[in-house]
Amino acid sequence: MSGDPHKLGRGETAPSERGPAPKRIVVAYGFWIFLLTDFIMFAGFFAAYAVLAQATAGGPAARDIVELPLVGAETALLLASSFACGMAGIATAAKNRFWFQIAMAATALLGAGFLGLEAYEFLHLIHEGNGPQRSAFLSAFFALVGCHGLHVTLGLIWLTTMMAQVQAKGFRDEIVRRIACFSLFWHALDIIWVALFTTVYLLGVAR
């Protein structure tokens with residue numbers, strides 16, 4: 001076999017001579033690293049919850065505080081928001097500003113609905129005397145679920161920023177990259193919520 005082995009399967013130009021990778025690849029790589037660190041952080045919260053799930057200090061356990069219809073509604077809203085976010089991605093690919101704004105507004109409304117129900121759940125628990133100070137279990141519960149809720153809140157702020165930027169500047173390359181990162185972030189929140197719903201709520205009721 002002839003030729004420079006460093007160029008095999010890579011065209012005539014050596015990798016070291018092709019310059020830096022395209023910005024979209026660099027941004028995507030960096031953002032995936034950020035998401036992985038976020039997953040690791042949530043893994044820590046999940047581990048703490050698993051360790052403290054039985055540390056109720058004579059207070060209520062998960063099966064005593066979980067209202068599955070309420071949590072089911074939260075789950076439906078968040079999953080529907082993820083679908084709307086996917087529609088916004090399709091509108092972005094089509095450079096259709098009108099449907100992008102509609103899809104993002106639907107994502108925002110569904111996400112806000114999720115947060116509203118979660119806030120009601122927290123306030124109801126605190127009103128019943130089951131706040132985070134009641135036991136180690138409830139501290140872990142509020143920390144884990146609240147951390148996810150905080151991420152959804154930040155996602156909504158990011159979402160409205162994207163809507164404003166598209167409205168003002170259109171689908172510039174840098175804005176499309178930010179929309180792609182936001183979409184990854186929002187779908188990642190769905191994955192974490194499914195794990196949270198299974199671990200905290202479903203298994204909590206089953207114990």
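Colleague: Is F100 buried or exposed in this model?
Modeller: The model is a predicted one. A residue counts as buried when its relative accessible area is under 20%. The relative accessible area of F100 is 0%, so F100 is buried.

Colleague: Is F171 buried or exposed?
Modeller: The relative accessibility of F171 is 15%. The limit for a buried residue is under 20%, so F171 counts as buried.

Colleague: How many aromatic pairs are there, and which geometry does the pair of F100 and F171 have?
Modeller: The count comes to 16 aromatic pairs. In the pair of F100 and F171, the ring centres are 5.6 Å apart and the planes meet at 85°. Planes over 60 degrees apart count as edge-to-face, so the geometry of F100 and F171 is edge-to-face.

Colleague: How many residues apart are F100 and F171?
Modeller: F100 belongs to helix α4, residues 97-127. F171 lies in the loop between α5 (136-169) and α6 (173-206). The pair thus links distant parts of the chain, with a separation of 71 residues.

Colleague: Which geometry does the aromatic pair of F122 and F142 have?
Modeller: The centres of the F122 and F142 rings are 4.7 Å apart, with 50° between the planes.

Colleague: Which helices hold F122 and F142?
Modeller: The two residues are 20 apart and link distant parts of the chain. F122 is buried at 17%, and F142 is buried at 11%. F122 lies in helix α4, and F142 in helix α5.

Methods: Residues numbered from 1 in each chain as written. Predicted model: local features only at pLDDT ≥ 70, side-chain atom pairs only at ≥ 80, totals over all residues. Heavy atoms only, no water. Phe/Tyr/Trp six-rings, centres within 6.5 Å; stacked < 30°, edge-to-face > 60°. Helix = DSSP H or I, 4+ residues; strand = E, 2+ residues; numbered from the N terminus. Buried < 20%, exposed > 50% of the residue type's maximum accessible area, 1.4 Å probe, protein only.
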